[in-house]
Amino acid sequence: MPVRMQEIRICFGFRKQTDIGTPNSAANMWQLRKLNPQFANPRLNTENDALEYGKGHEFAVQSFATAWETAGTLEKYLTAEFAAWAMAFGLGKVVKSGTSPNFTYTCTPLIPANGDPDEPPYFSLVEQIRPGANAVLDRLMVGCAVNSWTLQVSKGPGRDNAKLSVEFLGSGKYVEPSSITMPSPTVEKLIMSASLALSVHGTDYVASKRIVSLEAGWNNNLMRDYYPGSGFQSSGDPTSGAIAGRLLLGNRQATLRFVALFEAGAQELTRLRNQSTGTAVISLSHNTNNSLELTFHKVAFASVEVGETDGFVTVAAECTPMWDDTNGVLSAVAKCNVDNIGQ
């Protein structure tokens with residue numbers, strides 16, 4: 001019987017795993033919808049003996065499992081809950097404040113030089129289609145971490161004017177069947193671009209009605225570490241393939257770019273020539289207690305190009321987020337009604 005893609009259900013940990021190899025329990029997971037159809041398929045890497053001498057020919061005789069990899073993407077319309085989760089797990093350092101039902105998560109990047117871990121927080125992810133005795137799909141990916149997130153804000157009245165996409169990597173460890181009873185769907189608070197407030201170098205792009213679109217992002221550039229002793233898919237069985245014992249933070253990068261209407265007095269080209277620096281603040285909200293605010297504490301323009309959008313002259317500006325000695329690179333303040341995100 002054919003299976004429709006819409007039948008897939010996913011849930012993942014809103015609380016962090018105790019370590020990379022210990023999965024979230026169902027009580028620490030939530031069920032959310034997504035837009036992209038990709039599965040987080042566990043992939044087994046293999047090698048063979050084609051290049052070994054002594055066989056009398058150059059062809060492979062045997063194949064060997066080497067290592068498992070898991071990875072995937074969660075693309076969603078922007079909501080307060082998903083924004084809080086992406087910031088907490090993506091940046092890694094989380095301070096929770098507030099009382100039920102209104103919580104504030106102040107999220108900043110991990111700084112190992114200051115004593116923070118060099119591994120991000122881990123979560124588990126479950127994919128299910130018709131779970132039960134004759135399940136089409138029912139698997140649990142253990143030890144996943146956010147590799148990158150991208151926020152896109154654009155024109156238009158529909159829900160797709162504000163999207164958040166998260167790419168994650170996993171240790172490669174998975175459990176099938178998952179033995180997880182899918183929790184009830186989480187009710188989310190939609191955040192749309194009409195709520196945007198944007199200030200870059202002191203210029204209010206919303207008040208001036210100049211903003212056309214923007215994109216902000218963070219990339220951890222995670223590295224899978226199959227160190228000696230990192231373990232196998234089946235404990236003690238080297239033929240089952242190795243799993244990563246940790247995911248290490250790589251050279252991280254923040255990104256910010258936007259397109260705005262170009263008019264007399266616009267300062268983007270001047271600021272590019274002068275390489276002046278300033279802050280950039282992006283705010284979006286559903287209401288007072290469900291919102292997201294990103295602050296890039298020091299940015300300079302890396303490129304500014306005059307072009308056209310929908311028949312109007314526009315300027316496409318790409319910023320270089322830089323380290324500020326007082327505040328670091330980036331901070332995110334996310335508010336929602338869900339407790340213990342990233343805790």
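## Burial and surface

A residue is called buried when its relative accessible area is under 20%, and exposed when that area is over 50%. By this criterion, buried residues account for 45% of the 343 residues in the chain. The structure discussed here is a predicted model.

The accessible surface of the chain amounts to about 16500 Å². Carbon and sulfur atoms contribute 50% of this area.

## Overall fold and dimensions

The secondary structure of the chain consists of 2 helices and 20 strands. The radius of gyration is 23 Å, which is close to the 20 Å given by the globule rule for 343 residues, so the chain is as compact as a globular protein of that length. Along the principal axes, the C-alpha atoms occupy a box of roughly 75 × 50 × 45 Å.

## Charged side chains

The chain carries 28 positive and 32 negative side chains. The centres of these two sets are 6 Å apart.

## Cis peptide bonds

Most peptide bonds are trans. Which residues does a cis peptide bond with omega of about 5 degrees join? This bond links S100 and P101. P101 is situated in the loop that runs between β5 (92-99) and β6 (102-109).

Another cis peptide bond, with omega of about 0 degrees, links E176 to P177. P177 belongs to the loop between β10 (174-175) and β11 (197-200).

## Positive phi angles

Most residues other than glycine have a negative phi.

Are S179 and H201 buried or exposed? The relative accessibility of S179 is 68%, so S179 counts as exposed, because the exposed class begins over 50%. The relative accessibility of H201 is 12%, so H201 counts as buried, because this value falls under the 20% limit.

Notes: Residues are numbered from 1 along each chain as its sequence is written. This is a predicted model: local features need pLDDT of at least 70, side-chain atom pairs count only at pLDDT 80 or more; totals for chains, interfaces and linings use all residues. Side-chain values use heavy atoms; hydrogens and water are left out. Helices (H or I, at least four residues) and strands (E, at least two) are DSSP runs, numbered from the N terminus. The radius of gyration is taken over C-alpha atoms; the globule rule is 2.2 Å times the number of residues to the power 0.38. Buried means under 20% relative accessible area, exposed over 50%, partly exposed in between (1.4 Å probe, protein chains only). Accessible areas come from the Shrake-Rupley method with a 1.4 Å probe; for residues, only the protein chains shown count as cover. Lys and Arg count as positive and Asp and Glu as negative; His and the chain ends are not counted. The place of a charge is taken as NZ of Lys, CZ of Arg, CG of Asp or CD of Glu.
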